[in-house]
Amino acid sequence: MRATFTLGRIAGVRIGVHWSVLFIFGVVAFGLAQGRLPQVYPGHSPVLYWVAGLGAAVVFFASLLAHELAHAVVARHNGVAVDDIVLWLLGGVARLKSEASSPAAELRIAGVGPLVSLLLGGLFLLGTWLLALASAPRLLVEVTAWLAGINLLLAVFNALPAAPLDGGRLLRAFLWWRTGDRLRATAGATAAGRGLGWLVIALGLVMFLRGGGFGGLWLALIGWFLIAAATAEGRQAQLRGVLAGVPVRDAMTRDPLTVPAVLPVADMLADPRYRYRHSAFPVTGADGATAGLVTLDGARQVTVGKRGTVTVGEVMVPLSRTTVAGPDDSLADLLPRMEPGAEHRVLVMDEGGLVGILSLSDVSRTVTWLMNPGRGR
Ligand SMILES: [Zn+2]
C-alpha cells in the first residue's frame, strides 16, 4: 500500500495517505451530514449537519492515526524501525522496515493497535455519557456516540484473525510461537485473510441482493481489498522465504561502470559504453568518492542545446536521495525498500567505497535462480 500523498511527520514517522481514505472520509461526512444526523436531530440548517459530519470525519481520521502511531511506537520499542504510516480504506498500516524478531514482539506490536481503538471507543463512550448528563447539544452527543461506536467497531474488525489485519498478525505470532516456523505461520495468516475476504464479499453480495443497497457493495469492496492485501502479503513472505539468508552481494552487479560528475551530459550520451547495457550509472565526484546516481532518461531530459554545458553532476540523483545498502545486508530486508525504475537502483557501498549496484531485475533473476529446482546444491 503506497501513499498517494504525505500529510507530514509525527514523532519522526512520515504520515502518508492512500487515495482510498478520502473515500472513507467522504462516506463518513456524507453519511452523517445527509443521513444519520438530520434523522435523529431534525430541523436544523444543512450547514450545521455538514460541519458536524466533517468534524466527526476529522476526529475519526485522528483516531485511525492514533491506532497506527501506537503500532509504530511499540515497533520501535521492540527494535523494529518504521518506514511510514499509510492510512487507507481499512484503517491504516504502519510499514515496518523489518520483521519482528520474535512471536512475543509481534504480539505486542500487533496487539497495541486494537487496544488503542478499544480505549478510544471507551473514552468516547464515557464522553457521550458525560455530555448527555451535562445536557450538551444533542448534535454533539450524537457525534460523540458515533465516534465511540466506530472506534469499538475498528477494534473488533482489526482483531479478526486474518492477514493483513492486526488479528492476522496475532494469529501469525501464535502460529509462529507454536510451530517455530515464521513462513508457515505467515501462510496460515494470509490464507485466513483470503478466506475472510471471500466471506465478506459473499456477505456483501447477499446484503445487496436482499436490497441492502450501498452497504452491501461497500462490504464487498472491503472483502476485495482484504483478498488483494492478503495475497500481496503472502507473496512478499514467500519471496522473503526464498531470499532468506541471501546477502546483497550475491545478487548485485559488481564493480559497475561509473560516470565522472564533471562530464558534460553530451559526452556521456555520446559514449557507447554508457549507451547499451545499463540505464543507470553511479556518479563519482572530483574526490573519487561516489556522489550519486545518473539515469540515461535523466540525462536525456536535458535539452539538446544545453547538453554540452550541463554536467552529469547537475542531473544526477544525489547520494542522500539514493538507496544505499551494504554487501552483507540481507536481500530479504532490502526488498521492501526497493522500487522499480532506473532512478531506484540501490548502490552497494562497503566502508564508503562503491562495490556494486542492484536493480529489481537483479533480484528477480536471483529469485528465479533460487527457485529453479535443477540448480543442485
Ligand atoms: Zn492496526
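Where is the place of Gly-213? I looked this up to open the notebook, and found Gly-213 in the loop between α6 (182-212) and α7, where helices (H or I, at least four residues) and strands (E, at least two) are DSSP runs numbered from the N terminus.

**Entry 1: what kind of model this is**

I note that this is a predicted model, in which local features need pLDDT of at least 70, side-chain atom pairs count only at pLDDT 80 or more, and totals for chains, interfaces and linings use all residues. Residues are numbered from 1 along each chain as its sequence is written, and side-chain values use heavy atoms, with hydrogens and water left out.

I then looked up pLDDT, which is the predictor's confidence in each residue, from 0 to 100. Its mean over the protein is 87, and 98% of the residues reach 70 or more. Among the elements, helix α3 (residues 103-133) has the highest mean, 95, while strand β4 (residues 91-96) has the lowest, 76. I keep in mind that where pLDDT is low, the predicted coordinates should not be read in detail.

**Entry 2: the whole protein**

I read off 13 helices and 12 strands, and a box of roughly 75 × 55 × 40 Å that the C-alpha atoms fill, taken along the principal axes. Of the 377 residues, 44% are buried, where buried means under 20% relative accessible area, exposed over 50%, and partly exposed in between (1.4 Å probe, protein chains only).

The protein exposes about 19,200 Å², of which carbon and sulfur atoms supply 63%; the areas come from the Shrake-Rupley method with a 1.4 Å probe, and for residues only the protein chains shown count as cover. For contacts, meaning heavy atoms within 4.5 Å, I looked at those with a separation of 6 or more, and residues 24 or more positions apart account for 62% of them.

**Entry 3: the nonpolar cores**

Which residues have the most contacts inside the largest nonpolar core? I found Val-28, Leu-37, Phe-60, Ile-85, Trp-146 and Leu-147, in a core of 47 residues. A nonpolar core is a set of buried Ala, Val, Leu, Ile, Met, Phe, Trp, Tyr and Cys residues joined through side-chain atoms within 4.5 Å. The elements that give two or more residues to this core are β2 (13-17), α1 (19-40), α2 (46-77), β3 (82-88), α3, α4 (138-158) and α7 (214-243). Helix α2 supplies the largest share, 13 residues. Another core lies apart from it and has 17 residues, among them Leu-243, Val-246, Ala-251 and Met-252.

In soluble globular proteins, nonpolar side chains tend to be buried together. I went on to Leu-37, which, leaving aside neighbours within four places in sequence, is in contact with residues including Leu-32, Pro-42, Tyr-49, Leu-139 and Val-143.

Is Ala-56 buried or exposed? Ala-56 has its place in helix α2 and counts as buried because its relative accessibility is 1%. Leaving aside neighbours within four places in sequence, I found Ala-56 in contact with Leu-32, Val-143, Trp-146 and Leu-147. From Ala-56 to Phe-25 there are 31 residues in sequence and 9.4 Å in space, C-alpha to C-alpha.

Val-47 also lies in helix α2, but Val-47 is exposed because its relative accessible area is 59%. Val-47 and Thr-190 are 143 residues apart in sequence and 45 Å apart in space, C-alpha to C-alpha.

**Entry 4: loops and backbone angles**

I returned to Gly-213, which is partly exposed because its relative accessible area is 24%. Not counting residues up to four places away in sequence, Gly-213 touches Met-207 and Phe-208.

Which residues does a cis peptide bond join? I found it between Ala-163 and Pro-164, with omega about 5 degrees, and Pro-164 lies in the loop between α4 and α5 (166-179).

Lastly I looked up positive phi values in residues other than glycine. Ser-135, in the loop between α3 and α4, has a phi near 55 degrees, and Ser-135 counts as exposed because its relative accessibility is 61%. Asp-255, found in the loop between β5 (253-254) and β6 (259-260), has a positive phi of about 35 degrees and is exposed, with a relative accessible area of 63%.
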